[in-house]
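Please read this note alongside the sequence and the coordinates. The points are numbered so that each can be checked in turn.

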Protein chains: 2
Amino acid sequence: MSSLIAVDLGGTNLRVALFTRDQPPAAELIKIPTLASEGPDVVIARMIEAIHSILPKKKRGLRIGVGSPGPLDPFDGVILDTPNMPGWKNIPLCARLSEHFSCPVMLENDANLAALGEWRHGAAQGTQNLIYLTISTGIGGGVIVDGKLLRGARGLAGELGHMTVERNGPECGCGQRGHLEAIAAGPAIARKVLERIETGESSILTEMVHDEEPLTAAYVGRAARMKDRLAMEVVSEAGRHIGRHLASLVHAFNPEMIVLGGGVSRIGHPFFNAIEQALHEHVIHPMYVEDLPLVPAKLGDEAGLIGAMVMVSQA
Amino acid sequence: MSSLIAVDLGGTNLRVALFTRDQPPAAELIKIPTLASEGPDVVIARMIEAIHSILPKKKRGLRIGVGSPGPLDPFDGVILDTPNMPGWKNIPLCARLSEHFSCPVMLENDANLAALGEWRHGAAQGTQNLIYLTISTGIGGGVIVDGKLLRGARGLAGELGHMTVERNGPECGCGQRGHLEAIAAGPAIARKVLERIETGESSILTEMVHDEEPLTAAYVGRAARMKDRLAMEVVSEAGRHIGRHLASLVHAFNPEMIVLGGGVSRIGHPFFNAIEQALHEHVIHPMYVEDLPLVPAKLGDEAGLIGAMVMVSQA
């Protein structure tokens with residue numbers, strides 16, 4: 001059997017896993033801080049070291065699959081530009097790893113890989129047409145069309161969070177305005193709560209969060225589950241933005257399932273309810289949402305690693 | 001050789017064509033007014049009569065393909081609801097025609113068929129990943145993914161004009177708000193010009209359009225080509241809306257070509273320039289628009305008929 005190495009290069013953590021079969025669970029998995037600010041050379045050296053630490057002695061059929069935030073060029077294996085990792089511009093990651101390990105290396109957008117993972121081994125098994133949305137610090141997406149990952153002409157497809165939903169809306173991490181990500185991702189949720197607290201609204205969040213600590217969407221989610229009114233309103237508003245955009249996406253793709261992943265999606269019920277309600281309100285015909293389950297992702301933080309394994313096992 | 005009948009059921013005109021080969025031109029083509037207000041039964045009788053009038057004596061391998069405005073259910077052959085044709089709700093058109101002609105009948109969204117036509121025999125020949133947008137009274141779309149028409153789980157995909165680009169924007173024909181169609185299709189262009197004329201702005205359009213005649217986007221386009229300032233500004237603004245939405249679509253689909261069809265697209269240069277500029281300004285990475293031609297459709301009003309022929313010839 002081949003040895004499949006899956007790498008998930010995140011802004012915060014770097015995960016590396018060894019799969020000895022073409023399905024989960026991983027035979028070995030390690031997680032270390034990325035420390036992206038140290039620059040690509042240091043991080044790639046750290047990645048190589050981590051791979052070595054789990055590499056089996058018999059390296060028969062070794063293949064490496066890497067997931068990274070986009071935009072990236074999967075066909076040439078180059079990370080083009082990742083807003084959350086300064087200095088990562090035009091880094092030929094596949095060539096670097098392939099040279100070192102003398103094996104095939106594939107690179108893909110992390111959200112596309114998470115979609116692939118959830119589709120083959122997670123919440124969306126058995127479907128042929130899927131929209132996967134991951135909502136955390138940013139909003140990413142992945143689409144399965146007729147049983148195949150939508151990659152587009154140059155492998156750049158699936159950036160479902162970078163679509164304009166509000167002209168002249170707030171600025172996005174990518175520099176554009178009014179993208180869904182700028183309006184409904186974690187930082188937008190936290191910002192909205194802070195703005196309303198500053199205008200004098202009360203919330204248990206003022207006591208939950210201590211001075212030194214930044215207010216995050218995770219706190220807001222916890223407060224919403226504790227029925228804090230301000231938190232519930234802000235979470236519902238973000239959910240409505242996402243639901244409205246999902247209606248647009250459903251008109252474009254007509255999927256048979258929607259899977260929501262990422263840290264912010266773990267807020268749970270109040271968030272999902274708002275999303276589902278807005279989705280149903282904004283479709284142009286009820287047939288778009290008949291038999292359209294909207295479900296949480298199943299694979300958690302390992303979705304991307306499992307997707308990377310699926311990618312190299314299919315190659 | 002088979003006889004392929006293509007039908008284009010439009011809000012204004014009903015076109016019926018006979019193809020004796022699986023490529024253009026049609027062997028025979030007739031065009032009559034739809035008179036949709038007379039209701040589905042009368043129109044379907046008229047359609048049947050028109051088909052009979054061009055049907056060859058030898059009906060070997062007869063197949064009929066029909067294009068109609070959506071939303072419709074192509075798998076069951078049912079027109080669900082078409083805003084521009086009152087009374088057309090849940091009409092089982094395929095069953096009606098199939099019963100009469102005793103042959104296979106297929107139904108598809110007219111914009112999807114136009115995309116199929118342009119892809120196989122028009123502006124987008126040889127591409128594998130295409131976005132087609134048709135801009136006239138409404139805005140429709142069709143997407144080719146990896147050399148195949150994107151249909152989705154229930155054949156409802158490709159409604160690219162019914163996506164929210166401006167929250168709380170103007171009301172769309174479908175009843176939702178802020179869809180691209182409500183902001184940038186022909187009626188929105190005409191309305192914008194009228195609004196600005198009413199506030200006292202001058203334009204040659206006040207002399208071009210006579211009292212009894214409604215101002216249409218076609219007039220606005222003509223005035224824009226004559227360098228009328230108001231017309232040029234309104235056309236450019238609509239173009240910028242379309243270009244910005246195309247950037248969103250390019251992030252989702254990463255096509256290798258964009259084809260623009262429909263009456264409003266015939267405004268030409270000032271419109272295309274504004275679209276292209278906004279598209280380039282709004283992508284998150286230049287790679288999305290490198291080698292991405294934005295071209296006018298080639299097949300004109302016959303795109304849908306040719307697409308219907310392609311659909312049944314492939315079946």
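Predicted model: local features only at pLDDT ≥ 70, side-chain atom pairs only at ≥ 80, totals over all residues.

1. Residues are numbered from 1 along each chain as its sequence is written, and chains are lettered from A and ligands numbered from 1 in the order in which they are written.

2. Helices (H or I, at least four residues) and strands (E, at least two) are DSSP runs, numbered from the N terminus, and two strands pair if DSSP finds at least two bridges between them. In chain A, strand 4 (residues 63–68) and strand 8 run parallel and are joined by five bridges, with V66(A) standing opposite L107(A) of strand 8. Five of the five residues of strand 8 (residues 105–109) of chain A are buried, so this strand is largely enclosed by the rest of the structure. Here a residue is buried if 20 or more other C-beta atoms lie within 10 Å of its own, exposed if 12 or fewer, and partly exposed in between, with C-beta atoms placed from the backbone.

3. Chain A also holds an open sheet of three strands, in the order 5-6-7 and with antiparallel pairing. Strand 5 (72–73) and strand 7 (89–91) of chain A stand at the edges with a single partner strand each, so one side of each has no neighbour in the sheet. Two bridges pair strand 6 (residues 78–81) of chain A with strand 7 of chain A in the antiparallel sense, and I79(A) has I91(A) in strand 7 as its bridge partner.

4. Helix 8 (residues 229–253) of chain A has 25 residues, which at 1.5 Å a residue should span 36 Å, and its end C-alpha atoms are 35 Å apart, which agrees; the expected span is 1.5 Å times one less than the number of residues. Of the 25 residues of helix 8 of chain A, 19 are buried, so the helix is largely enclosed by the rest of the structure. Just after this helix, N254(A) takes a positive phi of about 45°.

5. The contact between the chains takes 37 residues from chain B and 37 residues from chain A, where two residues are in contact if their C-beta atoms, placed from the backbone, lie within 7 Å. On the side of chain B that touches chain A, the largest share, six residues, comes from helix 8 of chain B.

6. Within chain B, helix 7 (residues 217–225) and helix 8 pack at an angle of about 115° with their axes 7 Å apart; axes are lines fitted to C-alpha atoms, for helices over the stretch in contact, and angles run from 0 to 180 degrees between N-to-C directions. Among the residues that meet are V220(B) and A224(B) in helix 7 of chain B, and M232(B) and V235(B) in helix 8 of chain B.

7. Two cis peptide bonds deserve a look: the one from P24(A) to P25(A), with omega near 0°, and the one from G70(A) to P71(A), with omega near -5°. P25(A) is found in the loop between strand 2 (13–19) and strand 3 (28–33) of chain A, whereas P71(A) lies in the loop between strand 4 and strand 5 of chain A.

8. In chain B, N168(B) has a positive phi near 60° although it is a residue other than glycine, and this residue is exposed, with 8 other C-beta atoms within 10 Å.
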